[in-house]
Each structure stands twice: as C-alpha cells, then as structure tokens.
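User: I have a fold to go through with you. Please take it question by question.

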Amino acid sequence: GSDTIDLAAGTYTLTIAGAGEDGSATGDIDVQTHITIAGAGMASTIISGGGIDRAIEVDGSSGNLTLTDLRLTGGSINNDGGALLVEETDGFATLTRVDITGNTITGGGRVGGGIHNVGTLVMTDSLVHGNTATGSDGGGISNLGTATLSGSSIFSNSARYGGGLHQLAGAMTIENVTVSSNTASSEGGGIDVAAGSLTVRFSTIAANTASGGNGGGAIVRGGTLTIGSSIFADN
C-alpha cells in the first residue's frame, strides 16, 4: 500500500557509499512503491546525496513518489539525474514546493544535473537551480518521458546542451515558469529541444547564455517547440 513519511526539519545525509544498486542498501533511496515524503519546508527539511550518489531514484513498475516542502541537494554521480531519477517509463514523481539545488552529474552521454525523467514528472511551485551537468546535457531538468512544470523557476544551472531544460524525447509542458540565468557550453542556454515536443505557455525565458553562440534562450535541434504568450528577453 501507500506510505507517508513526515520528515521533520533537519538535514538527512546519505552516507553508505555504493551507487548502482536498487534496494536502498547503498547510495540513493530507491522508491519501488507509492511513497510520500512530506517535509517542513524547502529551507528546513534537506535530503542530501552526500556526494556519494543522487538522493532519490524512482524505479520499478510500481514506483510512485510524492515530495512536498523539502530540498534535494548534494547529489553527485557519473550517471543520469543528479538529485532525482525517474527511471522507468511507468514511474511517477510529483513535486510540490521542492528545491533541487547543488547537484552534479559527470561523464559524456549523461543527462539531468538536477532531474532526469523517463516516466511522468509533475512539478509545481518548485525551484531548480545551481545544478551542473559537466560535459553532459540538461543542467536543470532532462526529460525523456512526460513532464509538466508549473509555477516554478529554473535558474543558474549549467550543461553542455540545455543549461536549464533538455527535452530529449516525449513531451514537456511548462506554464508560468521562469527559465533564467542558465548557461550552456555549446547550445541552448535556457532550453534545448533535441527531440520530442516542448510547449511553453505564459512563461519567461530570460538572461540565458550559450558559449557556443547558438540558442542563448532556446535552440531546436530536433522535435518541436511551441510558444504561446511568453516572454523571451536578453538571451
């Protein structure tokens, strides 16, 4: 059945080294059932990867995670999803008032400095900032499944392609979202659409940069980008 963890204010740091297994014995927390983790606030309840792995992985066909009022930080991994990985196509993650910050992935061909989604991701009133995909793509969020973002801010993330958002396949929709001050060493400082579809509504894409010279705000290398009633400025 479903379980809810009410997590009091404090910092909870993962300390058992060993990435890559899926039974929560080492490294990240592995979610294989319906789990809700409810914190005391983004600045108060902190789950840290401790520099040994990402914080949480949603795996298994029944993996369903709800996070509210907390922060995921300190993730570091040579793999996908620096803070959170939704691994399976039928995995599900719902984030409300969650702060994803200070996470890093390394290695070529990796994606999602903050979050990588293969299943379904719904994010509301949250922050994704200060995450890095070193030599990889999608500094803030990388999407391979279905992602819906609303009322959130994606800022000050960095990657090779898609400093803020990297649409890799599937479909992403962002509404009332600010994508700002993200950087790409190649293209797509704010947004990179490599394949699939990205729909932008009532959002602001501003002050993003690409050192490669193309697509400071957004670049479409494949797939489609649909923009409605949004502001693109100073990219």
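**Contacts and core**

User: Which residues does Ile141 contact, leaving aside its neighbours within four places in sequence?
Analyst: Contact means heavy atoms within 4.5 Å. This is a predicted model: local features need pLDDT of at least 70, side-chain atom pairs count only at pLDDT 80 or more, and totals for chains, interfaces and linings use all residues. Residues are numbered from 1 along each chain as its sequence is written, and side-chain values use heavy atoms, without hydrogens and water. The partners of Ile141 are Ile115, Leu121, Met123, Val128, Leu149, Ile154, Gly164, Leu165, His166 and Met172.

User: How many residues has the largest nonpolar core?
Analyst: Such a core joins buried (under 20% relative accessible area, 1.4 Å probe, protein chains only) Ala, Val, Leu, Ile, Met, Phe, Trp, Tyr and Cys residues through side-chain atoms within 4.5 Å. Leu72, Leu84, Leu95, Ile141 and Ile174 have the most contacts inside the largest one. Its residue count is 37.

User: What percentage of contacts between residues at least 6 apart in sequence join residues at least 24 apart?
Analyst: The protein has 0 helices and 30 strands (DSSP runs: H or I of at least four residues, E of at least two). For the contacts asked about, the share is 82%.

User: What is the radius of gyration of the protein?
Analyst: The value is taken over C-alpha atoms, and the globule rule is 2.2 Å times the number of residues to the power 0.38. For 235 residues, a compact globule would be near 18 Å, which agrees with the protein's 16 Å.

Methods. Buried < 20%, exposed > 50% of the residue type's maximum accessible area, 1.4 Å probe, protein only.
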